[in-house]
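Me: I'd like to learn how to read a model like this one, feature by feature. Can we start with the surface and work inwards?

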Amino acid sequence: MRLVDRVALVTGTGSGIGEATALGFAAAGATVVCTDRNGDTAEHTTSAIQERGGQAFPVTADVSVPAQCSD
């Protein structure tokens, strides 16, 4: 799967399946928006992607709270 010139928004990137998904999408060439309720863990996954040459941006948000998902 090649995801060059694509953006992937992945939730729960702080650990487990979300983190693995973010790393996999980045390895396939996507720019990844690493979203997690914990800003430190979102930043950790973002850094891991960037250290491997990928593009990623951290976002601290709880996607179950609509106000945190707008604008």
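Predicted model: local features only at pLDDT ≥ 70, side-chain atom pairs only at ≥ 80, totals over all residues.

Me: What share of the 71 residues counts as buried?

Reply: Buried means under 20% relative accessible area. By that cut-off, 34% of the 71 residues in the chain are buried.

Me: How do I read the fold: how many helices and strands are there, and in what order do the elements run?

Reply: The chain has two helices and three strands, and their order is β-α-β-α-β. The radius of gyration is 11 Å, close to the 11 Å that the globule rule gives for 71 residues, so the chain is as compact as a globular protein of that length. For the outline, the C-alpha trace spans about 30 × 20 × 20 Å along its principal axes.

Me: And what percentage of the contacts between residues at least 6 apart in sequence join residues at least 24 apart?

Reply: That figure is 50% for this chain. Contact here means heavy atoms within 4.5 Å.

Me: Can you show me contacts of that kind around one residue? Which residues does threonine 35 touch, beyond its neighbours within four places in sequence?

Reply: Threonine 35 sits in strand S2, residues 31–36. With those neighbours set aside, threonine 35 is in contact with Leu9, Val10, Thr11, Gly12, Thr13, Val59, Ala61 and Val63. Its relative accessible area is 4%, so threonine 35 counts as buried.

Me: Now the helices. Where is threonine 45 found, and what does it touch beyond its neighbours within four places in sequence?

Reply: Threonine 45 is in helix H2, which covers residues 39–51. Its relative accessibility is 0%, so threonine 45 counts as buried. Leaving those neighbours out, threonine 45 contacts Thr13, Gly14, Glu19, Ala22 and Cys34. Threonine 60 is 15 residues away from threonine 45 in sequence and 12 Å away in space, C-alpha to C-alpha.

Me: And how does the other helix relate to that spot?

Reply: Look at alanine 20 in helix H1, residues 16–27. Alanine 20 and threonine 45 are 25 residues apart in sequence, with 9.3 Å between their C-alpha atoms. Alanine 20 has 49% relative accessibility, so it counts as partly exposed.

Me: What about cysteines: how many disulfides does the count come to?

Reply: A disulfide is a covalent bond between the sulfur atoms of two cysteines. To be counted, the two sulfur atoms must be within 2.5 Å. The count comes to zero. Cysteine 34 is in no disulfide, and the nearest cysteine sulfur, that of cysteine 69, is 16 Å away. Accessibility is 0% for cysteine 34, which is buried, and 48% for cysteine 69, which counts as partly exposed.

Me: Backbone next. Which residue has a positive phi although it is not a glycine?

Reply: Most residues other than glycine have a negative phi. Here aspartate 5 has a positive phi, about 65°. Aspartate 5 lies in the segment before strand S1, 7–11, and at 77% relative accessibility it counts as exposed.

Me: Last one, charges. How many positive and negative side chains are there, and how far apart are the centres of the two sets?

Reply: For this tally, Lys and Arg count as positive and Asp and Glu as negative. The chain has 4 positive and 8 negative side chains, and the centres of the two sets are 11 Å apart.

Conventions. Residues numbered from 1 in each chain as written. Heavy atoms only, no water. Helix = DSSP H or I, 4+ residues; strand = E, 2+ residues; numbered from the N terminus. Rg over C-alpha atoms; globule rule 2.2 N^0.38 Å. Buried < 20%, exposed > 50% of the residue type's maximum accessible area, 1.4 Å probe, protein only. Charge placed at Lys NZ, Arg CZ, Asp CG, Glu CD.
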